[in-house]
Amino acid sequence: MAQGTKVPYFVIKNQTVITKDHIRKLVTEHISGTGIFLVDTRLSSTGRITVLIDRPEGLKIEDCVMLSKQLSNDLGEELGDYEMNVSSPGLDMPLLVPEQFVKNEGRMVDVTTGEGERLKGVMINVTAGGFDLQTETKQKKEKVTVIRSFNFEDVKSVKVIISFK
């Protein structure tokens with residue numbers, strides 16, 4: 001197996017099996033009612049557990065520290081060697097869950113459709129099933145606003161465009 005390959009589970013000391021579903025369940029229990037939402041969990045074949053979380057108003061380092069300690073307590077020291085990483089998804093990662101789309105409504109995004117077409121525009125009208133993308137094109141020397149609707153399952157990736165203007 002190549003280094004860095006994602007695996008659905010790993011086995012650590014005493015033949016204990018840790019699965020992504022088990023980690024997701026623990027995370028969900030701890031973040032319930034806090035405003036924090038789970039973005040992704042990842043397990044590596046080398047014993048690294050990565051938990052990506054966020055919240056609508058932005059994540060604080062204290063949120064990550066709190067959850068990391070709670071998960072470490074849940075998993076216990078008897079499990080042996082593993083590395084726990086709890087963080088926000090990062091600016092360069094695509095949006096993965098509906099809560100991230102809601103959080104970033106009104107921002108410029110780069111959309112790659114399922115067919116590979118790339119579009120840039122403002123993400124608007126986010127719903128439980130998708131979003132609209134407002135773009136501007138030039139037609140006969142005039143700017144024309146075009147709105148295209150997308151279902152989440154119809155896009156390959158959506159990334160927020162970061163501007164430092």
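Author: Helices (H or I, at least four residues) and strands (E, at least two) are taken here as DSSP runs, numbered from the N terminus. This is a predicted model, in which local features need pLDDT of at least 70 and side-chain atom pairs count only at pLDDT 80 or more, while totals for chains, interfaces and linings use all residues. Residues are numbered from 1 along each chain as its sequence is written, and side-chain values use heavy atoms, with hydrogens and water left out.

Reader: How many helices and strands are there in the protein chain?

Author: From the N terminus on, the elements run β-β-α-β-β-α-β-α-β-β-β-β-β. Counted by type, the protein chain holds 3 helices and 10 strands.

Reader: What percentage of the 165 residues in the protein chain is buried?

Author: A residue is called buried under 20% relative accessible area, exposed over 50%, and partly exposed in between (1.4 Å probe, protein chains only). By that definition, the buried share of the 165 residues in the protein chain is 38%.

Reader: Which residue forms a salt bridge with Asp-110?

Author: Side chains of opposite charge can pair when their charged atoms come close. A salt bridge is a side-chain nitrogen of Lys or Arg within 4 Å of a carboxyl oxygen of Asp or Glu. The closest N and O atoms are 2.1 Å apart, and the partner of Asp-110 is Arg-118.

Reader: What N to O distance goes with the salt bridge of Glu-136 and Lys-143?

Author: Glu-136 counts as exposed at 52% relative accessibility, and Lys-143 counts as exposed at 62%. Their side chains meet in a salt bridge with an N to O distance of 3.9 Å.

Reader: Which residues do salt bridges that share partners join into one network?

Author: Asp-40 is buried, with a relative accessible area of 12%, and Arg-42 is partly exposed, at 25%. The side chains of these residues, Arg-42 and Asp-40, meet in a salt bridge (3.0 Å, N to O). The network joined by shared partners consists of Arg-24, Asp-40 and Arg-42.
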